[in-house]
Amino acid sequence: MSQILNHEISIEKTNYSRIKEQDINNTSFGKVFSDHMLVATYKNDSWQEVKIVPYGNLEMSPSMSSLHYGQAVFEGLKAYRSPDGKPLLFRPEANHKRINESAFRLCMPPIPEDIFMTGLKELIRLDADWIPTQDGSVLYIRPIYFATDESVGLKPASSYKFIIISCPVGAYYSEPVKLIVTDKYIRAAEGGTGAAKCAGNYGGSLLADMEAKQQGYDNVLWLDGKEKKYIEECGTMNVAFVINDVVVTPKLTGTILAGITRDSVLTLLRDMGVKVEERLISIDEVVKDYQDGNLSEAFGMGTAATIAHISTINYQGSDMILPPVSERKYAPQVLQRLEDIKTARVTDTYGWVCQL
Ligand SMILES: *Cc1c(COP(=O)(O)O)cnc(C)c1O
């Protein structure tokens with residue numbers, strides 16, 4: 001089926017901007033939304049309508065199929081400001097590619113480039129005033145894509161909505177995070193949906209996350225679903241360890257979400273001359289390296305936090321306490337470099353930064 005290209009985007013501007021009521025540099029994460037949203041509709045085998053409208057509620061049927069069977073995927077990216085105030089996006093085409101890979105796994109049609117990329121840029125240009133000016137605060141952008149068939153018959157839906165909303169957010173984690181390894185729950189298994197950013201993966205992780213918090217930890221460190229031996233991810237982030245001055249991160253086996261932050265961090269580290277290994281890494285290996293004094297750093301990687309330093313990892317009842325962040329060499333340096341690129345404080349030689 002051929003996609004009709006050059007979808008026209010209609011724009012209905014709000015006649016009342018809520019920005020005056022908000023201190024956008026000080027909002028709690030994900031609760032205040034910018035003035036507009038993009039809404040695109042797929043039905044009868046094609047993308048029908050693409051519009052930017054004032055942010056507001058949607059009408060839905062109680063039989064809406066994504067509520068029943070979970071054909072729902074999403075993305076997360078951020079808009080930044082350059083030192084002279086210009087709005088910037090970071091690698092948005094990678095989010096476009098990934099939402100289509102997630103969509104493929106869930107039997108959903110691809111979103112054409114002119115809807116995702118042009119729609120995203122138009123929307124953020126229109127709501128650019130919502131990008132915070134304070135250091136560390138940004139506009140978080142959430143594309144969502146879900147099935148809208150009015151039917152409880154189980155099959156790939158024939159109608160969908162693709163929506164983009166955004167919200168100003170402050171710095172995500174200020175403190176280093178404490179993790180607890182779970183061998184009770186898994187987030188993904190071979191052949192499953194772990195590599196797709198689909199809604200169901202997150203619903204399925206909440207109980208493990210809640211139990212981790214009840215035990216005094218911030219997030220779960222996930223092991224593989226088969227042997228419960230190899231490290232996969234932490235919370236909803238990719239994870240890396242510094243062992244004997246080598247940055248080691250789990251390789252993408254199909255059960256791990258291929259993070260754009262992960263890819264950016266690994267690229268920067270390699271270009272800084274750091275040795276990077278993408279391979280299987282067992283929890284036993286990490287414990288042994290910790291005991292031998294070879295584990296100097298551990299960190300999570302994802303758009304929300306960029307890099308989250310890990311202070312503690314609990315495995316089978318004992319805490320491994322890692323060196324303080326002030327003594328770390330690699331993660332703080334690569335975090336600074338990545339933030340400088342994202343905010344155009346240094347020249348982007350990678351073609352990652354996207355002007356609006
Ligand atoms: C989104 C996500 C990540 C991080 O991906 P980024 O592209 O870096 O934001 C990692 N793991 C999971 C499970 C995720 O959902």
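In the predicted model, a backbone N or O atom of Thr236 lies 3.3 Å from a nitrogen atom of the ligand. A polar side-chain atom of Tyr202 is 2.3 Å from an oxygen atom of the ligand, and a polar backbone atom of Ile260 is 2.8 Å from an oxygen atom of the ligand. Taken alone, the ligand exposes 380 Å², of which the protein buries 96%.

In soluble globular proteins, nonpolar side chains tend to be buried together. In the present model, the largest nonpolar core comprises 37 residues, and the members that touch the most others are Tyr145 and Phe162. Two or more residues are given to this core by each of the strands β2 (36-43), β3 (46-54), β5 (77-81), β7 (138-147) and β8 (160-169), and by the helices α2 (92-105) and α3 (113-126). The greatest contribution comes from α3, with six residues.

With neighbours within four places in sequence left aside, Phe162 is in contact with Leu38, Val39, Ala40, Trp47, Ile99, Ile111, Ile115, Phe116, Pro143, Ile144 and Tyr145. Another core, of 33 residues, lies apart from the largest one; Phe33, Val138, Phe299 and Ile341 are among its members.

Terms used
Residues numbered from 1 in each chain as written. Predicted model: local features only at pLDDT ≥ 70, side-chain atom pairs only at ≥ 80, totals over all residues. Heavy atoms only, no water. Core = buried A, V, L, I, M, F, W, Y, C linked by side-chain atoms within 4.5 Å. Buried < 20%, exposed > 50% of the residue type's maximum accessible area, 1.4 Å probe, protein only. Helix = DSSP H or I, 4+ residues; strand = E, 2+ residues; numbered from the N terminus. Contact = heavy atoms within 4.5 Å. Polar contact = N/O pair within 3.5 Å; in protein donor to acceptor, adjacent residues only side chain to side chain. Areas by Shrake-Rupley, 256 points an atom, 1.4 Å probe, with all protein chains shown as cover.
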